[in-house]
Amino acid sequence: MGKQSYRVCFCFRRWFHVGVSEPPEAIESLFNQYSENGIMTVDHLHRFLVEVQKERNPKKEDAQAIIDSMDDQLNLKHPHSSDQRKGLNLEAFFKYLLSEKNSPLCPSRGVHQDMKAPLSHYFIYTGHNSYLTGNQLNSKCSAAPIKDALKRGLRGIELDLWPSSKKKDGVEVCHGGTLTAPVDLTTCLETIKKYAFDASEYPVVITFEDHLPPNLQDKVAELVTGIFDKKDLLTADSDGSECLTEFPSPESLKGKIIISTKPPEDKAKDKENELPKSTSCHVNFPPFMKMFNHTRKKVCGQKAKHQEYPRPSASSSADEAEWGEEVPNLKGIVKTTNGSTNDKDYSDEEGSTNADGDSGKTQQNVVEAPKYRHLISMHAGKPKGGLKEWLKVEVDRVRRLSLSELQLERAVTKKYGQDIVRFTQSNVLRVYPKGLRIDSSNYNPLIAWSHGAQMVAFNMQGYGRPLWLMHGMFRANGGCGYVKKPEFLLEKTGLYRDLFDSEVNLPVKTTLKVTLYSGEGWDKEFHHTYFDACSPPDFYAKVGIAGVPGDTSSMTDQTEPIKDSWVPAWNKEFKFQLTVPELALLRIEIHERDDILQKDDFGGQTCLPVSELRQGIRAVPLHDRKGNEYKNVKLLMSFELI
């Protein structure tokens, strides 16, 4: 046990002992129950794995392997014996509980869901404007965020294609109508080819937001076929005229690249909508957009944050900058028929066309850019008309539809919930952030997932609570980027009840009991004055559920702060009644209270899919704001489904 000094005023110092992590009383009691004479033998440990940890068919060999691994770590073997050690003492047992092998999600399960259903039966880990390094207005475009996203396991990458401002026949990627500096399309495609299957072998969907004339569309086709091998691409039929009648399965598409955009003939050819060849993504901006720079200024009523996300000052807005805005209450969204859900959404990533690709204007009969069209295996586009037409299910074709978060909210408030679910049973729905999210913030993904939307597109370069939910959802199924939708979203009976109807009381399926014992590792991860210059940190925890409205709990359930301790022991129990556990995510946040500045410092977070939680006592690793796992910070918790 060491000491740490903290400066008080200018000439005095306070000294504090640095505590060590010790087994909570409940853990010590449990050890005594499953041990004899201070030793937990193989038989004891095997019984513990069955009765407390609820492990699936553990063998005594598994228990012996745990004992051997802890012996190696703690050097507990008898120095003059080559025999296997007979058991664990309390110290070794506690170390095992906090080890990586005892994680809340089973690492050995890997991909365990059925991957042979159509692609439309899965949630797909999807990014929005995947090339941006920061905000949506003036940050740099780069292939680096694409690499990071793919290595994290994302399976949906979005690229905005524009004619190059430098090369006559070049194509570049940037956020059109903004000050974002472009990146060459070739660089992005080569990055995708290199890293597409590093984290997962399942297919990558590249969505093109296409602003190109026909000659450059065929140029894109040449680039794609030149960079990717023919066997790596899922392409349309040879004549390029037919849509898929059913999406293939992720299993059958392993190692494949899927191109998704509106086919060329689905675009209006009239002079009003056609882009001249000289068009680029660099345009003149209104004065209010020119004032935006890397400082935090308000644009369109939204906060624009520099991509470096500086440490916040003491204010309520600083707390939001530290944690991201709280996930909104979905009940409020559904009940709202006026106000924010009716705000005009200036972003529309797909123009309106009818099912035959007719925009209402005079069309040319010649199919333009045939090479480009041949690449497109997942056709996209909005039929002419409103929501009813957009969500129409066709017998002989499947397609992708894109809606902004506001368009989805309006659809739900107008009682189109069952139509959305029915559409997503065979087709793909992509949801993207509203246009005013210039700070690259995100929205609550649960409203989209609860209605079957597969591609919930997020700004992955930011941070904040909604993004943590996204990370949590796709920790499921071995982190492969595809998560099977719950069966109730796939039923063809038409009896789906709108989960967002406040008048429907769904029955409780299970109760999740969570016990938070203690935490450790912050002293190894941070300088001793990082949280407080005058004393050790005062950590407390918030625990809640994100899910359908009936299951969602506010993060008001919390522990008391443990004063001046790097190894807090809370011993707090939480209970959550769940009606749709398949969509429930367990949220955990660690705050450090600062009574002087009246704000909470960030101490770590994680989000876990309830459907995949291992019961028993587990070591829960925490993550930073960006979702990267800390090397040392973890919590000791127990989970029980009643």
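## Helices H6 and H7

The crossing of H6 and H7 is right-handed, and the residues that make this contact are Leu185, Thr186, Leu189, Glu190 and Lys193 on the H6 side and Val220, Leu223, Val224 and Ile227 on the H7 side. Sorted by class, the contact of H6 with H7 has 6 nonpolar, 1 polar and 2 charged residues. This description, like everything that follows, refers to a predicted model.

Helix H6 covers residues 185–195 and helix H7 covers residues 214–227, and the two pack with their axes 10 Å apart at an angle of about 30°. Because angles under 35 degrees count as roughly parallel, H6 and H7 are therefore described as roughly parallel to each other.

## Helices H5 and H6

Helix H6 also packs against helix H5 (residues 144–152), where the two axes come within 9 Å and cross at roughly 20°. That angle makes H5 roughly parallel to H6, and H5 passes H6 in a right-handed crossing.

On the H5 side the contact is formed by Ile146, Lys147, Leu150 and Lys151, which meet Cys188, Thr191, Ile192 and Tyr195 of H6. By class, the contact of H5 with H6 has 5 nonpolar, 1 polar and 2 charged residues.

## Helices H1 and H4

A further helix pair is formed by helix H1 (residues 25–33) and helix H4 (residues 90–97), whose axes come within 11 Å and cross at roughly 115°. The crossing in which H1 passes H4 is right-handed.

Ile27, Glu28 and Phe31 of H1 meet Leu90, Phe93, Phe94 and Leu97 of H4, and the residues of this contact divide into 6 nonpolar, no polar and 1 charged.

## Phe48 in helix H2

Phe48 is found in helix H2, a helix that spans residues 42–51. With a relative accessibility of 0%, Phe48 counts as buried, since buried means under 20% relative accessible area.

When residues up to four places away in sequence are not counted, Phe48 touches Leu30, Tyr34, Gln53, Phe93, Tyr96 and Leu97. Among them, Phe93 and Leu97 also take part in the contact of H4 with H1. Tyr34 lies 14 residues from Phe48 in sequence, and the C-alpha atoms of Phe48 and Tyr34 are 6.7 Å apart in space.

Lys54 is found in the loop between helix H2 (42–51) and helix H3 (60–74), and its phi is near 55°, a positive value in a residue other than glycine. The relative accessible area of Lys54 is 46%, so the residue is partly exposed.

Asn571 also has a positive phi in a residue other than glycine, here near 50°, but Asn571 is found in strand S21, which runs over residues 569–578. Its relative accessible area of 44% makes Asn571 partly exposed.

## Glu573 in strand S21

Strand S21 is also the place of Glu573, which is partly exposed, with a relative accessible area of 44%. Leaving aside its neighbours within four places in sequence, Glu573 is in contact with Lys513, Val514 and Thr515.

Glu573 can also be related to Ser638, which is 65 residues away in sequence, while the C-alpha atoms of Glu573 and Ser638 are 9.2 Å apart in space.

## The chain as a whole

The secondary structure of the protein chain comes to 17 helices and 25 strands, and buried residues make up 57% of its 642 residues. The accessible surface of the chain comes to about 28,300 Å², and carbon and sulfur atoms account for 48% of that surface.

Among contacts between residues at least 6 apart in sequence, 74% join residues at least 24 apart.

Conventions:
Residues are numbered from 1 along each chain as its sequence is written. This is a predicted model: local features need pLDDT of at least 70, side-chain atom pairs count only at pLDDT 80 or more; totals for chains, interfaces and linings use all residues. Side-chain values use heavy atoms; hydrogens and water are left out. Helices (H or I, at least four residues) and strands (E, at least two) are DSSP runs, numbered from the N terminus. Buried means under 20% relative accessible area, exposed over 50%, partly exposed in between (1.4 Å probe, protein chains only). Contact means heavy atoms within 4.5 Å. Accessible areas come from the Shrake-Rupley method with a 1.4 Å probe; for residues, only the protein chains shown count as cover. Axes are lines fitted to C-alpha atoms, for helices over the stretch in contact, and angles run from 0 to 180 degrees between N-to-C directions. Angles under 35 degrees count as roughly parallel, over 145 as roughly antiparallel, 65 to 115 as roughly perpendicular and the rest as oblique. A crossing is left-handed if the near helix is turned anticlockwise from the far one by less than a right angle, and right-handed if clockwise. Ala, Val, Leu, Ile, Met, Phe, Trp, Tyr, Cys and Pro count as nonpolar, Asp, Glu, Lys and Arg as charged, and the others, Gly among them, as polar.
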